[in-house]
Amino acid sequence: MSQWISLVKPAGKPFHRSRMILGAMAFGFPMAWFISNGNSQHAAFAGFGILASLFMDIGSTRQQRLESMLLGNALILLAAGVSLYLNDHWLIWLCGVVLLFSILGRYLAAGFALDMKLRMLATAYLIGYPGTSISAEILPLYLVGAIFTMALSTIFAPRINNPIALAHAPHWRLDWQNLRAGQHASQTFGVFLAIACASSFFTAHAFHLHAPNLAAATTLMVFRPEPSSTQTTIWLRIFGVLIASVAAWALVFPAHSHWHLLLAAIAAGSLIPIAFANGLMYVAALMTFIIYVILALMGIQGRTAQIFAEMRIIETLIGAFFAAFFAMTYEILNSKQTP
């Protein structure tokens, strides 16, 4: 019991106070403009770009941070665009999941910044799953939110952003050097990751859940190259989703005004650096809460939103189950191969 308490205990690492203001302004200004013009759905689509850009704003200089956001958003738009183009073709889309995740899985052990970028790239591909109601209309508005956030962050935020308080601010170029030096997972892990994500997706789809891609995204986020860390990541993810769902039940689902939802997005955006400073569970909870707010702006509110939240919890459990199962299998296979 003490082990789990220590895992969820706030880490209390330092963070830039000005990034709280950045998160609030990044969500506040563009989303307020869309809502004031009666385009709450456009505000929601832009919110995805804002959220992704804030999470990729990492580096020891403004140039590094801007480069990280530019590259990350370009890859996300490419992956989402290809996925949405293929979502009428089940077999081709599934082959894309297996191929892409098998390749990316091998590169997930090189460092924090590259790991996050690759997982967000893979998550973007899951957006256009067959049967989704999301269309390519989201991509230009995503880009609007991303461009505004990149410009605001470059002008306003501090030069250095080190969200996890390492000795040196992480950056994907440093991680790429580690990758070239041999710091990467095995190709076997990549294949296991691809099969695990495909299994969680089709299991959720077989149960007719609203968003089976979220089950696959959960597997993607918690399945780690180090088998011993997967179990810890699973529990932190589950706790985070539960906390976010409870908060959404109280603050998001009853909201009848888009302006109330905007205030919730602004408050949540300001808490992003605090979440990073306190650990993975808090990051998972805050990201999930912001997604609930974005979905509410898209029209998923009231009882529909409550059902969606219930499905979200079930999808998380399905994704966690397949991550745990394949992590255990991967660990057994490694133990047999290692003398």
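This is a predicted model: local features need pLDDT of at least 70, side-chain atom pairs count only at pLDDT 80 or more; totals for chains, interfaces and linings use all residues.
Residues are numbered from 1 along each chain as its sequence is written, and side-chain values use heavy atoms, without hydrogens and water. Local features need pLDDT of at least 70 and side-chain atom pairs pLDDT 80 or more, whereas totals for chains, interfaces and linings use all residues.

The largest nonpolar core has 103 residues, of which Phe27, Phe223 and Ile272 touch the most other members. Such a core joins buried Ala, Val, Leu, Ile, Met, Phe, Trp, Tyr and Cys residues through side-chain atoms within 4.5 Å; buried means under 20% relative accessible area, exposed over 50%, and partly exposed in between (1.4 Å probe, protein chains only). Helix H15 gives the most to this core, with 11 residues. Beyond four places in sequence, the contacts of Phe27 (heavy atoms within 4.5 Å) include Gly47, Ile50, Leu51 and Leu54.

Helix H3 covers residues 40–56; helices are DSSP runs (H or I) of at least four residues, numbered from the N terminus. Because 14 of its 17 residues are buried, H3 is largely enclosed by the rest of the structure.

Helix H15, residues 302–337, also holds Phe321, which counts as exposed because its relative accessibility is 52%. Together with Phe325, Met328 and Ile332, Phe321 forms a nonpolar surface patch; its members have over 30% relative accessible area and no salt bridge, and nonpolar side chains are joined within 5 Å.

His208 lies in the loop between helices H9 and H10. This residue is exposed at 68% relative accessible area, and His208 has a positive phi of about 60° although it is not a glycine.

Notes. Patches are made of residues with over 30% relative accessible area and no salt bridge: like charges are joined within 9 Å, nonpolar side chains (Val, Leu, Ile, Met, Phe, Trp, Tyr) within 5 Å. Accessible areas come from the Shrake-Rupley method with a 1.4 Å probe; for residues, only the protein chains shown count as cover. A salt bridge is a side-chain nitrogen of Lys or Arg within 4 Å of a carboxyl oxygen of Asp or Glu. Helices (H or I, at least four residues) and strands (E, at least two) are DSSP runs, numbered from the N terminus. The expected span of a helix is 1.5 Å times one less than its number of residues.
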